[in-house]
Amino acid sequence: HCYEEFESASALQQWCTPTPLPQLPLIAALNLSWQSPDGALAYVGAYGDAHPGALADWTPLSLAPDTTLFEREWHAPSQSCRNVLALFEVQVLYAEVGSAEYPYKKVLGAQLKLTAQTVRARRCVASTTPCVTRAFSSAATSFVALSEDGRAYDFVPPLPKLIKLPADFFSPFVATDDSTDSSTGAQGRRARRLRQVAQQAAQPQGSTAGSFAVIASIPIAAVLAALLGRSLAANT
């Protein structure tokens, strides 16, 4: 906040002269381009690391549609100054863009809104304290996020629904070594493999086709373990 202070109504009247809005000290300090052909008062970086030489990295700052370039005027019957600058506010519209996992904020638009007020001269009874009138002016910045329906996210397809398959679904093409797995399912799979090896060992030697069918369904590691066990038993 900042303010102008006036000790009397005559001092307020002397200050309240028709002055174009761009010439007011608070507005002139912004160094805005009021005569720009495209209506841009200034430019705001669309990204946090906007490059000065990249035009696409900058968003124009325009005057709000409902803002008029007002001038101060004195109203004698009410001893007040009208159209005094009360607030200049920069309104920024932004959205989250980029990938859904790592979005970043981008400024989509910016506008300057100016608000006027009426300052009336104070009327004080006789007292020892000064009777002053103050005209306050404020500056503000507001950020508005684009609604979720308008976010510029890249399209992210939904995650597929995975079907739970048995652990030995791809056997014997893929063999899983679950010798260190103590879960109930792993214990059951090891027991089934041992029964299959025992059945294969008990079959007659002539039934080659049946043996091949059984062996094809047994993981390679289990077959090697069974053959190694039979070899050791024969040697002893």
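**Strand contacts and confidence in a predicted model**

User: Leaving aside neighbours within four places in sequence, which residues is Thr59 in contact with?
Analyst: The model is predicted. Thr59 sits in strand β3, residues 58-63. Beyond its neighbours within four places in sequence, Thr59 is in contact with Ala42, Tyr43, Val44, Ala46, Val107, Leu108, Gly109 and Ala110.

User: Is Thr59 buried or exposed?
Analyst: The relative accessibility of Thr59 is 8%. The cut-off for buried is under 20%. Thr59 therefore counts as buried.

User: How far is the backbone oxygen of Val107 from a polar atom of the Thr59 side chain?
Analyst: Val107 is among the contacts of Thr59. Here the Val107 atom is the backbone oxygen, and the Thr59 atom is a polar one of the side chain. Their separation is 3.1 Å.

User: Is Leu108 buried, partly exposed or exposed?
Analyst: Leu108 lies in strand β6, residues 103-120. Its relative accessible area is 39%. Buried needs under 20% and exposed needs over 50%. Because 39% falls in between, Leu108 is partly exposed.

User: How far apart in space are Leu108 and Tyr47, C-alpha to C-alpha?
Analyst: In sequence, 61 residues separate Leu108 and Tyr47. Contacts of Leu108 beyond four places in sequence include Thr59, Leu93 and Leu146. From C-alpha to C-alpha, Leu108 and Tyr47 are 9.7 Å apart.

User: In which sense do strands β1 and β7 pair?
Analyst: Strand β1 covers residues 2-6, and strand β7 covers residues 133-145. Five bridges join them. Phe6 stands opposite Thr133 in β7. The sense of the β1 and β7 pairing is antiparallel.

User: What is the bridge partner of Tyr94 in β7?
Analyst: Strand β5, residues 80-98, runs parallel to β7. Eight bridges join these two strands. In β7, the partner of Tyr94 is Ala145.

User: Is Ser138 buried or exposed?
Analyst: Ser138 belongs to strand β7. Beyond four places in sequence, it is in contact with His1, Ala86, Leu87 and Phe88. Its relative accessibility is 18%, and the cut-off is under 20%, so Ser138 counts as buried.

User: How many contacts does the stretch of residues 208-217 have in the model, beyond near neighbours in sequence?
Analyst: The pLDDT is below 50 over residues 208-217. Where pLDDT is low, predicted coordinates should not be read in detail. Beyond near neighbours in sequence, the number of contacts of residues 208-217 in the model is eleven.

Methods. Residues are numbered from 1 along each chain as its sequence is written. This is a predicted model: local features need pLDDT of at least 70, side-chain atom pairs count only at pLDDT 80 or more; totals for chains, interfaces and linings use all residues. Side-chain values use heavy atoms; hydrogens and water are left out. Helices (H or I, at least four residues) and strands (E, at least two) are DSSP runs, numbered from the N terminus. Buried means under 20% relative accessible area, exposed over 50%, partly exposed in between (1.4 Å probe, protein chains only). A polar contact is a pair of N or O atoms within 3.5 Å; within protein, one must be able to donate a hydrogen and the other to accept it, and residues adjacent in sequence count only if both atoms are side-chain atoms. Contact means heavy atoms within 4.5 Å. Two strands pair if DSSP finds at least two bridges between them. pLDDT is the predictor's confidence in each residue, from 0 to 100.
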